[in-house]
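Please read the following report alongside the sequence and the coordinates.

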Amino acid sequence: MTEAAVSQSVGSRARALSTSSDLRAERVRSAWMFLAPTLFILAVVAGWPLFRTIYFSFTNASLTSLGDAQFVGFKNYLSWITLKSGRTVYSGLLADPAWWGAVWNTMKFAFLSVTIETVLGLVVALVLNAQFPGRGIVRAAILIPWAIPTIVSAKMWAWMLNDQFGILNDILLGLGLISQKIAWTANPDTAMIAVLIVDIWKTTPFMALLILAGLQMVPADIYEAAKIDGINPIRVFWRLTLPLVRPAIMVAVIFRMLDAMRIFDLIYVLTPNNAQTKTMSVMARENLFDFDKFAYGATASTVLFLIIATVTVLYMWLGRVKLGGSER
């Protein structure tokens, strides 16, 4: 190849790379241009309230005098004083046993509800993914609990769980499973169980829907080949189905976990003023509005945000999850 031909080839490649680079840059600019309005609205709707909440957590603000709030540093988070006797007395949110009880309730509720809903959602999704008459009707019917507003579900289940005239006690008494009526939402031993029952009933269809979307992306040829080879269906599930839908399951779990860790309405309606089910969101709301301790409630909201953000980042990092539904 002559020197002129080599030079021409290099020039062509350089022009192609330059054109590709310009096209990529143009796509990036176009993407940011379309995203800018959404990012602006998100900053106004979510970013500004979050910033104000964090700001108030470092002040002595009350609900009646937000404008007169004074900066107090980390006093709302943790402060201490040493008495003349030498004993140190701690105060603030991080030294409040009620707060750590709410943290424990939230974590326990999130772990149990998400775990059970994932397992049941996977079972329901596998059933709905099979071919059978009336599958469309069943798919629509299974979404009804999820479509009902949480407040309505909570009030409906509150009647069903009532210890005097609730239908659940009547059914269990008729089956001989209990010997006397149970105050499900008032009894400290059963309050969390009652909340879990309602949440699992309502949210399992959501998990099933997301997992079903992942199942429908699995090529049918894989199952046909496994059937021809005579592979056991259980082995097909563990070796083919589960690994292929794992990214969808991981994304479904993270969305459900975010929702479970900020649970408020179900707890507030079904088991109000119950220490066994009080979550971080409920405690933050009580301090913000009921107890007129706005700065303390803002502190609880800020710590709740930090906990959720930390758990989410750790889950995505350890689980190697991309929100696009694939693994890194």
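Among the elements of the chain, helix α2 (residues 97-129) has the highest mean pLDDT, at 94, whereas α1 has the lowest, at 76. Where pLDDT is low, the predicted coordinates should not be read in detail.

The largest nonpolar core holds 57 residues, of which W99, F109, L161, W184, V253, L266 and M280 touch the most other members. Among the elements that give two or more residues to this core are α2, α5 (150-160), α9 (233-261) and α12, while α7 gives the most, with 11 residues. Leaving aside residues up to four places away in sequence, F109 touches V114, M192, V195, L196, D199, A260 and I263.

| Residue | Relative accessibility | Class |
|---|---|---|
| T302 | 4% | buried |
| L39 | 39% | partly exposed |

T302 is found in helix α12 (residues 294-318) and counts as buried because its relative accessibility, 4%, is under 20%. Not counting residues up to four places away in sequence, T302 touches T53, I54, S57 and Y77.

L39, by contrast, is found in helix α1 (residues 3-56), and together with V28, W32, L35 and L42 it forms a nonpolar patch on the surface, with about 490 Å² of accessible area for the five together.

How values were computed
Residues numbered from 1 in each chain as written. Predicted model: local features only at pLDDT ≥ 70, side-chain atom pairs only at ≥ 80, totals over all residues. Heavy atoms only, no water. Helix = DSSP H or I, 4+ residues; strand = E, 2+ residues; numbered from the N terminus. Buried < 20%, exposed > 50% of the residue type's maximum accessible area, 1.4 Å probe, protein only. Contact = heavy atoms within 4.5 Å. Patch = residues over 30% accessible without salt bridge, like charges linked within 9 Å, V, L, I, M, F, W, Y side chains within 5 Å. Areas by Shrake-Rupley, 256 points an atom, 1.4 Å probe, with all protein chains shown as cover. Salt bridge = Lys/Arg side-chain N within 4 Å of Asp/Glu carboxyl O. pLDDT = per-residue confidence, 0-100. Core = buried A, V, L, I, M, F, W, Y, C linked by side-chain atoms within 4.5 Å.
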